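Open the model in your viewer and keep the selection tool at hand. The stops below run in order.

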Amino acid sequence: MELVVKGRVVVPDGILEGGWVGISEGRIAAVGVGDAPSAVRVDDRGDALILPGAVDGQTHATSYKGLLGIADTTRSAIAGGVTTLVDMPYDNPEPLDRPERLDAKVAAIAAHAHADMALYGTATRETGVANLASLIEGGVVAFKISSFESNPVRFPRIGEDLVLDLMEALVSTRLPLGLHNEDQEIVLSRIAQAKAAGRDGIAAHVEARPEAAELAATGQFLALGLAIGAHVHPVHLTTEAGFRLTGAIAELGAAATGELCVHYLWFDAARDGERLGARMKVNPPIRAAAIDGLWRSISEGLVAFVSSDHSSWPIDNKLTASIFDAGAGVPGLETLVPAFFTAAEARGLDAARLSAEYLAERPARFFGIDDRKGAIVVGREADLIALEQGSFVWDEAASHDELNWSPFHGETFTVRVAASWLRGQLVWDGQDILNSPGSGRFVPRATTGWFATEKD
């Protein structure tokens, strides 16, 4: 072996106490307990938990700096134990809706990335379904659209006629079609009402994007998916009702899944809104008294996986006179793993096993990259993280994303990422990023994904 990593190794069916992972040529060559095979190097992490590197299924690396933003974002990922990012297609300044833009982003990964990256594609009114086949051939792992228009070019609203076309074109591929799920007419009307009444602040933001708007967009999307058979996936459900709606449609035979972002499990609008204000503004919004229901959704298997929805906005984007002008989105790559682990542990759950499952195994399978990623299994790439347990206060100034702000500032986590390995190379030692830009690779879709058929 080139390297043996020792610790409490989290594998798909449990934890190997006194375990080890043997690595050769960047892949996992053996896993066991007790006496380890001889190796050129041995990294004994003692009582630390050894988990598969996280696969963050929803990130926005290029919102602020364009393709150059991949460098800062992937540095943060490595420090947070996220060894693979699945990046959204709403790039600055243009969406990833055609093959030449995919080529440009893949080239940017090769030049700038510290972590591996898989990519969403999208469709626009300009391109329709014409480029879907070439984007799939180029390796995109999924497609995403929005029912709410944040920007007419970069983040357009896609009407239901084109949504139907997309589903019909994608149904045979089994690739997921993700949706930013908010009803535009409801939200715009409620924002106008709030402004007319002189209401502002984070409470007004939440009220202007009610659960009804989220459920309305989600329900229509799921209904179309049921009719066509395409894999439909709301990318951020904020309440138990949303997951139960998705589950009910799935029971009718739809290929339907729902995604949860970690900030919805941590923050409560009633408890944290006044304190954090625009620092916790996301769309759909963080709601009050939703956390218990979201954990029930996880326990009942209604949640496909958990992501960060990392957004690379600087804090200046939040410091606006009105909440309605503040940017939506929060940084999250360095807090995804510790926040999810801590929240699960606080509920008496098997936090190590849940973290491996919902932050690595499930997203890797969902996006069709589980031939290489997502679990400590012989033959997979040796993407690992070591979690040190204790009490750790998160300091936003210590982040590696060049943003240096976070709604999690001052929160106490029960684990920290003490080390990250990317394909067997130590890339984070708990203090410093050890690899160079361009060490990351593009990860194309390779397996059947969530909804395999018998012939697969």
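Which residue just after α11 takes a positive phi? Select Gly301: its phi is about 75°. Helices here are DSSP runs of H or I with at least four residues, strands are runs of E with at least two, and both are numbered from the N terminus.

A word on the source: this is a predicted model, where local features need pLDDT of at least 70 and side-chain atom pairs count only at pLDDT 80 or more, while totals for chains, interfaces and linings use all residues. Residues are numbered from 1 along each chain as its sequence is written, and side-chain values use heavy atoms, with hydrogens and water left out.

**Stop 1: helix α11.** Select residues 291-299. Ile291, Gly293, Leu294, Trp295, Ser297 and Ile298 are buried. Buried means under 20% relative accessible area, with a 1.4 Å probe and protein chains only. Now show what these buried residues pack against: α8 (240-251), β12 (260-261), α9 (262-266), α10 (269-276), α12 and α13 (351-366).

**Stop 2: the α7 and α8 pair.** On the α7 side, pick Glu211, Leu215, Thr218, Gly219, Leu222 and Leu226; they meet Ala241, Gly242, Leu245, Thr246 and Ile249 in α8. The contact residues divide into six nonpolar, four polar and one charged. In this count Ala, Val, Leu, Ile, Met, Phe, Trp, Tyr, Cys and Pro are nonpolar, Asp, Glu, Lys and Arg are charged, and the others, Gly among them, are polar.

**Stop 3: the largest nonpolar core.** It has 105 residues. A nonpolar core is a set of buried Ala, Val, Leu, Ile, Met, Phe, Trp, Tyr and Cys residues joined through side-chain atoms within 4.5 Å. Select Ile145, Leu260, Val306, Phe340 and Leu387, which have the most contacts inside it. Helix α12 (336-346) gives the most to this core, with seven residues. A second, separate core of 16 residues includes Trp450 and Phe305.

**Stop 4: Trp421.** Find it in strand β16 (412-422). Trp421 is buried, at 1% relative accessible area. Ile23 is 398 residues away in sequence, yet 11 Å away in space, C-alpha to C-alpha.

**Stop 5: Ser76.** Look in helix α1 (69-79). Ser76 has 1% relative accessibility, so Ser76 counts as buried.

Note on methods. Buried means under 20% relative accessible area, exposed over 50%, partly exposed in between (1.4 Å probe, protein chains only). Contact means heavy atoms within 4.5 Å.
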